[in-house]
Amino acid sequence: MKTTNEIEKQLEHKTSNTFYIDTVVNGKSVHKYSIKVHDKILGSDSLDELIEYVLDNGIDPTTLLYTDGESTGETLYEFITP
């Protein structure tokens, strides 16, 4: 699993505006979908793009998924289709 610093460095070079080290307001993500990785929240308005980023960057897909800042009780892995 990648460290927070490795993830931050990758995100600095990411050109897509759909994925961010997330902005948090009152402890909740401002994006539709988010996950917590180490001490950071990563968010996207597209679940597919969030899953793609997680898989492409070696982030654990069993990470708990949040929708509109609330825990879904599900992991990203449950949304991965072969």
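D68 is partly exposed, with a relative accessible area of 46%; here buried means under 20% relative accessible area, exposed over 50%, and partly exposed in between (1.4 Å probe, protein chains only). The model is predicted, so that local features need pLDDT of at least 70 and side-chain atom pairs count only at pLDDT 80 or more, while totals for chains, interfaces and linings use all residues. Residues are numbered from 1 along each chain as its sequence is written, and side-chain values use heavy atoms, with hydrogens and water left out.

**Exercise 1. State the secondary structure of the chain and the order of its elements.**

Step 1. The chain has two helices and seven strands.

Step 2. Read from the N terminus, the order is α-β-β-β-β-β-α-β-β.

Step 3. Of the 82 residues of the chain, 34% count as buried.

**Exercise 2. Determine how β4 pairs with β5 and with β6.**

Step 1. Two strands pair if DSSP finds at least two bridges between them.

Step 2. β4 and β5 are antiparallel and share five bridges. In this pair, I35 stands opposite L42 of β5.

Step 3. The hairpin of β4 and β5 has two residues between the strands, and H38 takes a positive phi near 55° there.

Step 4. Strand β4 (residues 33-37) is also joined to strand β6 (residues 64-67), by three bridges and in an antiparallel sense. Y33 faces T67 of β6.

Step 5. β6 is joined in turn to strand β7 (residues 70-75), again by three bridges and antiparallel. T67 stands opposite E70 in β7.

**Exercise 3. Which residues make up the largest nonpolar core, and which element gives the most to this core?**

Step 1. A nonpolar core is a set of buried Ala, Val, Leu, Ile, Met, Phe, Trp, Tyr and Cys residues joined through side-chain atoms within 4.5 Å.

Step 2. The largest such core has 12 residues: Y33, I35, V37, L42, L47, L50, I51, Y53, V54, I59, L65 and L76. The elements that give two or more residues to this core are β4 and α2 (47-56).

Step 3. α2 gives the most, with five residues. In soluble globular proteins, nonpolar side chains tend to be buried together.

**Exercise 4. Describe the two sides of α2.**

Step 1. The buried residues of α2 are L47, L50, I51, Y53 and V54.

Step 2. Seen down the axis of α2, these buried residues fall within an arc of 160°, so they line one face of the helix. The arc is that of the directions from the helix axis to the C-beta atoms.

Step 3. An α-helix has 3.6 residues a turn, so residues three or four places apart point the same way.

Step 4. The face turned away from the buried side of α2 carries the exposed residues D48 and D56.

Step 5. Just after α2, G58 takes a positive phi of about 70°.

**Exercise 5. Are S44 and S71 buried or partly exposed?**

Step 1. S44 lies in strand β5 (residues 40-44), and four of the five residues of β5 are buried.

Step 2. S44 is buried, because its relative accessible area is 0%. S71, in strand β7, is partly exposed, because its relative accessible area is 42%.

Step 3. A polar atom of the side chain of S44 lies 3.0 Å from the backbone nitrogen of S46. For S71, a polar atom of the side chain lies 3.3 Å from the backbone nitrogen of G73. A polar contact is a pair of N or O atoms within 3.5 Å; within protein, one must be able to donate a hydrogen and the other to accept it, and residues adjacent in sequence count only if both atoms are side-chain atoms.

Step 4. S71 touches L64, L65 and Y66, not counting residues up to four places away in sequence, where contact means heavy atoms within 4.5 Å.
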